Amino acid sequence: MSNIAVLGAQWGDEGKGKIVDLFCERFDIVARYQGGHNAGHTVRIGERRFVLKLVPTGILRPDKQVVIGNGVVVDPAALLEEIRDLEHAGIRVHGRLAISNRAHVIFPFHRMVEKISEARPDRVAIGTTSRGIGPCYEDKTGRRGIRMGDLVDRESFPELYRALAEDKQILARAFQLKETIDFDAIRRRYAELAECLRPMVCDTAALLNRAIASGRRVLFEGAQGTMLDIDHGTYPFVTSSNATAGGAATGTGVPPTRIHGVIGVSKAYTTRVGGGPFPTEVRGQEGDRLREAGNEFGAVTGRPRRCGWFDVPVVRYTAMINGFDSLVITKLDVLDDLDPIPVCVAYRLNGREITDMPDTHRALEAVEPVYEFLPGWRSTTSGLTRYEDLPSRARQYLQFLAERTGVEIGCISTGPERAQTIFVPGSKLEALLAGA
Ligand code: GDP
Ligand code: IMO
Ligand code: MG
């Protein structure tokens, strides 16, 4: 029985939440493998709207188990608040959520380090979500981080905390911030939070591998998107984790041989939040129109998202890095009134046309997009559920994207609700969801 990863093919906010919520009906466990509460995955179920940050989206279906894998960074206060909000909304979390004992812990001083780094005049601001994500991963790779297993270990935690706090105290002093951080109060607070989290903390790699061995199916839920991946994205304008398919294995402890399919989620156009290159960005009124039509405002920070046209070189590249078996195209309905619709098919760089992804952000800043203009359909696709009901020009648009990116389109989203979805009959996606 196959396990699949569902992840972002662009710069995040592709609609992963909606798609994971929909697809996970066929799975037993949903596991997050990277990122933290920088993610904001929106799910609309009737009149209700949920924005999931750390808790995997599978929580919204009562019979699913959810796992926060070792590759995730956890802010205990943010997690407990999210759990509380879900329980208030009638979603049972206790008994269904397992947190990896190897996941790293975010502390308030991680946010301090991030602020310092983002504000330094000689450093380019990344435009982060200010959640302490990057500095927590820095401590992880610096081998001084504190993991969930350490946090809930009453004996080891104080000593580990003392060492880490000392490190940050030096930094705080250097930036004359000492007064604002009460390191003892943080330790006491975290010791309390640990008591609430302890029952959920376990060896999730063992849990997942046992579940798979007994025939249960796992859906790996990506956060952010491939172009924000620390290795393969538009470095340094990236997040600090592996949002790509490889991250699903390292971020959960499930071997790559047990991940049988990789599904990329992409918008019918492109958005990006924060700084960094964005070749197809449209500014001014045209950009505003796209932002309003797509309601493109950050689910976590409320920041307006930068908007632009579909970028074939981006999705071809992310398909290569992840090995997408199938693509889900979301928000097709947002393009309903546009005619013609520009699609970037290549870049021009130093007078040459290229279709590969340049390897530096400087080069990507310098490219000029080469557009083809596809005819718009000027009729509503909102809420359609059958491929044959799509206007022929919308089908033509989708076929064009599939041909140019080299990946089949297995599913099309025509609205934020579960039911507002088209499955393309006979697709590889259909077979993967069925368990083949
Ligand atoms: P994620 O981070 O990838 O889960 O995406 P976000 O939740 O941050 O942003 C996607 C937004 O688009 C959310 O507000 C969704 O409710 C909404 N959405 C998802 N699919 C569609 C769609 O097909 N059409 C429209 N109009 N909205 C959609
Ligand atoms: P989901 O899962 C879109 C962006 C930030 C910033 C960069 C680094 O909802 O798709 P960070 O706080 O991670 O260090 O910020 O990454 N970013 C996202 N953009 N969607 C997200 O998550 C994002 N998570 C981080 O805006 O540019
Ligand atoms: Mg989001």
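In this predicted model, the side chains of E195 and R154 meet in a salt bridge, with 2.9 Å from N to O; a salt bridge is here a side-chain nitrogen of Lys or Arg within 4 Å of a carboxyl oxygen of Asp or Glu. Because E195 lies in helix α7 (residues 183–197) and R154 in the loop between α5 (148–151) and α6 (157–174), the pair ties together parts that are 41 residues apart in sequence. Helices (H or I, at least four residues) and strands (E, at least two) are DSSP runs, numbered from the N terminus. At 37% relative accessibility E195 counts as partly exposed, whereas R154, at 58%, counts as exposed; buried means under 20% relative accessible area, exposed over 50%, and partly exposed in between, with a 1.4 Å probe and protein chains only.

Residues are numbered from 1 along each chain as its sequence is written, chains are lettered from A and ligands numbered from 1 in the order in which they are written, and side-chain values use heavy atoms, with hydrogens and water left out. As the model is a predicted one, local features need pLDDT of at least 70 and side-chain atom pairs count only at pLDDT 80 or more, while totals for chains, interfaces and linings use all residues.

The structure holds 31 salt bridges. R348 takes part in a salt bridge with E353, in which the closest N and O atoms are 3.7 Å apart, and E368 forms a salt bridge with R348, the closest N and O atoms there being 3.9 Å apart. The pair of E368 and R348 links distant parts of the chain, since E368 belongs to strand β18 (residues 368–374) and R348 to strand β16 (residues 341–349), 20 residues apart. R348 is partly exposed at 34% relative accessibility, and E368 is likewise partly exposed, with a relative accessible area of 48%, whereas E353 counts as exposed at 51%. Elsewhere, a network of salt bridges links D13, K267, E296, R305 and K331.

The domain assignment of the chain gives domain 1 (4–99 + 205–261), domain 2 (104–197) and domain 3 (265–434), these bounds coming from an automatic or database domain assignment. Taken over C-alpha atoms, the centres of domain 1 and domain 3 are separated by 22 Å, and the contact between them takes 43 residues from domain 1 and 44 residues from domain 3, where contact means heavy atoms within 4.5 Å. The size of an interface is often given as the accessible area lost when the parts come together. Between domain 1 and domain 3 the buried area is about 3,500 Å², of which carbon and sulfur atoms give 61%; buried area is the accessible area (1.4 Å probe) that two parts lose on being put together, summed over both. Of the area that domain 1 buries against domain 3, Q10, W11 and K18 supply 20%, more than any other three residues.

Three salt bridges are counted between domain 1 and domain 3. The side chains of R44 and E417 also meet in a salt bridge, at 3.5 Å from N to O. On the side of domain 1 that touches domain 3, β1 (4–8), α1 (16–23) and β3 (41–45) each supply at least two residues, and the largest share, six residues, comes from α1. By class, that side of domain 1 has 19 nonpolar, 15 polar and nine charged residues, with Ala, Val, Leu, Ile, Met, Phe, Trp, Tyr, Cys and Pro counted as nonpolar, Asp, Glu, Lys and Arg as charged, and the others, Gly among them, as polar.

Q10 is found in the loop between β1 and α1 and, at 2% relative accessibility, counts as buried. A polar contact of 3.1 Å joins the side chains of Q10 and S266; a polar contact is a pair of N or O atoms within 3.5 Å, and within protein one must be able to donate a hydrogen and the other to accept it, while residues adjacent in sequence count only if both atoms are side-chain atoms. Not counting residues up to four places away in sequence, the residues that Q10 touches include G225, M227, V265, K267 and F310.

D182 has its place in the loop between α6 and α7 and counts as partly exposed at 46% relative accessibility. The side chain of D182 reaches the backbone nitrogen of D184 at 3.3 Å.
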